[in-house]
Amino acid sequence: MPSTEPRCRPADAKFVRPRLDHVSLRADTLEAFATASARRLTVVCAPAGYGKTTTSAAALEHLGHETVWYKLDVLDRDPVVFLTGVLRAMRRHIPDFAETLLRELEASPATDIAVENLAALFISECDAAPTAEPHIVLDDYHEAADSPDLNRLLGYVLANAPGNLHFVVLTRYEPAFSIEKLRLDGEMARIERPLLRFDEEQVADVIEQRSGQRHELEHVRRLLALTEGWPASVVLAGMALAWLDASSLESALADPRLKTDMYSYLAEQVFTREPEDVCRFLLRTCCLDHITAELAELLVQTGDAHRHLRHLSNNRVFTFAADKQGAYRYHNLFRDFLRQRVVQDDGEEAFLALQLDTATALEASGDSQRAVELLLSANAPILALEVIARAGEAGLDGCPTDQLSSWLGRIRPALTTDHPWALILAGALGTRDGRFEAALADLGRAAQMLEKTADDQGVYEALSLTECAQFWSGDPQACMETCYRALPYARTSAQKLHTLLSLQSAALDMRRWDDVEAASRQADALLPFAQPDEVTRAQALRAHAALYRGDIRKAREGISLCHGPGQTTALRAAALNTQGMIDMALG
């Protein structure tokens with residue numbers, strides 16, 4: 001190697017293991033490190049602030065392992081710089097380690113030696129070193145992870161290093177060096193976010209250590225839910241409680257000083273490190289609780305949504321797989337930071353516009369419930385009611401009762417006058433609660449208002465829900481009359497079929513056979529184009545009619561066709577009820 005001016009030596013801070021004053025370790029995390037320490041490579045991979053460095057240092061110390069610590073930075077993209085630094089770290093434990101190689105590397109501003117040859121020289125020195133089993137910890141690998149030369153060197157070293165060496169790589173991003181052979185040979189272990197995030201006991205321990213106060217269990221659990229166990233945010237919250245005499249953690253989490261510290265951390269350690277196009281994607285999608293590539297594309301319209309989500313997930317940018325297959329979500333606090341960033345950069349009006357655009361995208365993707373929630377959060381109740389109107393009765397049927405109640409509680413106080421769809425929402429909720437008189441009054445007023453504005457679709461929805469309330473209140477006569485009234489307003493074949501089957505059901509209860517047969521004939525003409533649930537409903541009604549007319553064999557054959565996968569709970573319950581009546585008649 002040519003000898004010129006010596007290279008700059010790495011700062012001592014790159015070799016120093018982190019200080020361990022008070023570290024809270026979970027038992028399962030320590031067990032995972034104990035298992036991993038027998039492998040040649042352990043990858044500790046998680047987003048910023050998850051305590052990769054502190055937890056790894058504490059676990060290795062607890063297990064009694066000798067550690068060689070080296071902290072990477074951007075200069076380590078040069079494999080000579082990296083190898084020089086690792087040699088110096090090794091010499092802190094083995095004083096004469098690789099003296100000749102180190103002198104030559106430090107005297108060379110560049111090298112023509114292939115990366116693999118550099119790696120081979122390092123391995124030769126390791127082979128000649130005194131017998132020991134050090135764990136070489138490579139901290140902040142992500143700072144130099146984009147260097148192909150560094151990754152080739154690491155891949156070679158890991159594949160050929162003597163068995164007494166163990167490597168622990170701490171990183172935010174997925175390693176780019178070759179690990180497949182180690183994985184197949186059982187020589188690699190992974191420790192990721194689930195093992196690093198705090199549990200309930202750790203949260204209580206940390207906030208007591210930081211604030212000097214022991215908090216009630218409900219407050220600890222609330223903090224755990226809000227932070228999702230992200231250690232950095234728990235530590236910041238604990239510090240905030242040292243400033244405040246707070247009766248609960250809610251006030252501490254709302255304190256501007258805490259938010260400033262937390263958002264500054266996210267900005268410095270996460271957001272500003274991403275490319276500009278990724279930052280734009282993050283800001284554009286920050287109003288979504290669950291993100292799919294298709295949904296994100298409706299907002300960004302660049303064709304890059306798949307690529308961005310894959311990048312954010314693979315690089316642990318506070319982006320995690322959601323419960324729904326193919327969906328992602330941002331960490332609660334990261335999502336809040338992004339929303340605040342939009343307001344900070346572009347103003348309140350821009351954030352409101354983003355909320356409205358996101359609601360439009362949600363509705364277009366078929367998720368009207370989340371669209372309504374977002375519009376209510378944006379204080380746009382009229383727009384929320386318009387989404388409810390477009391979703392119609394089917395949309396309301398798919399909502400839990402608690403959600404309908406929440407919507408109504410937020411919508412009505414914001415309105416200066418009655419809105420027909422607020423009345424329809426109240427009627428649907430009243431029917432579920434068994435308050436039929438109030439429900440029918442609300443639905444009747446809504447139908448009158450919609451008739452005055454010639455909103456045929458709205459009138460149909462109000463009458464369809466009215467018929468439902470009358471059915472459950474036990475008034476088949478009124479139910480039949482409402483069905484006849486609703487039929488002229490039905491605009492689609494699906495609406496006509498639904499109303500005809502409801503008419504047939506009410507007529508059956510009253511043994512009005514002419515009406516039953518007339519409704520059945522009209523419904524049969526529409527069944528070839530119907531959804532499976534409506535086909536099953538029609539078949540159940542035929543079985544019911546056969547039962548009432550005394551043809552038990554036909555009734556039993558008919559009801560046997562009504563039990564299939566994918567039915568709604570209500571339809572399955574109705575079919576089982578009819579089958580029970582048939583079996584009783586047979587008995």
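Trainee: Is Ser505 buried or exposed?

Mentor: Keep in mind that we're looking at a predicted model. Ser505 has a relative accessibility of 15%, and the cut-off for buried is under 20%. So Ser505 counts as buried.

Trainee: Which residues is Ser505 in contact with, leaving aside neighbours within four places in sequence?

Mentor: Start with where the residue sits: Ser505 is found in helix H26, residues 493-510. Once you set aside the neighbours within four places in sequence, the contacts of Ser505 are Phe471 and Leu541.

Trainee: Over to the second largest pocket: which element gives the most to its lining?

Mentor: That pocket has a volume of about 540 Å³. Of the 26 residues that line it, the closest to its centre are His22, Val23, Thr54, Arg210 and Val235. Elements giving two or more residues to the lining are H2 (52-62), H8 (193-196), H9 (200-211) and H11 (231-243). The one that gives the most, with 4 residues, is H9.

Trainee: And how many of the residues in that lining are charged?

Mentor: Sort the lining of the second largest pocket by class and you get 12 nonpolar and 9 polar residues. The charged ones number 5.

Trainee: Last one: is the crossing of H15 and H16 left-handed or right-handed?

Mentor: The axes of H15 (residues 293-300) and H16 (residues 305-314) come within 8 Å and cross at roughly 120°. H15 makes the contact through Ala293, Glu294, Ala296, Glu297 and Val300, while H16 uses Ala305, His306 and Leu309. By class, that contact has 5 nonpolar, 1 polar and 2 charged residues. As for its hand, the crossing is right-handed.

How values were computed:
Residues are numbered from 1 along each chain as its sequence is written. This is a predicted model: local features need pLDDT of at least 70, side-chain atom pairs count only at pLDDT 80 or more; totals for chains, interfaces and linings use all residues. Side-chain values use heavy atoms; hydrogens and water are left out. On a 1 Å grid over the protein atoms alone, a cavity is a set of points where a 1.4 Å probe fits but cannot get out, and a pocket is an open set with protein on both sides within 12 Å along at least five of seven lines; lining residues have an atom within 4 Å of a point. Grid points are joined across faces, edges and corners, and a volume is the space filled by probe spheres set on the points. Ala, Val, Leu, Ile, Met, Phe, Trp, Tyr, Cys and Pro count as nonpolar, Asp, Glu, Lys and Arg as charged, and the others, Gly among them, as polar. Buried means under 20% relative accessible area, exposed over 50%, partly exposed in between (1.4 Å probe, protein chains only). Contact means heavy atoms within 4.5 Å. Axes are lines fitted to C-alpha atoms, for helices over the stretch in contact, and angles run from 0 to 180 degrees between N-to-C directions. A crossing is left-handed if the near helix is turned anticlockwise from the far one by less than a right angle, and right-handed if clockwise.
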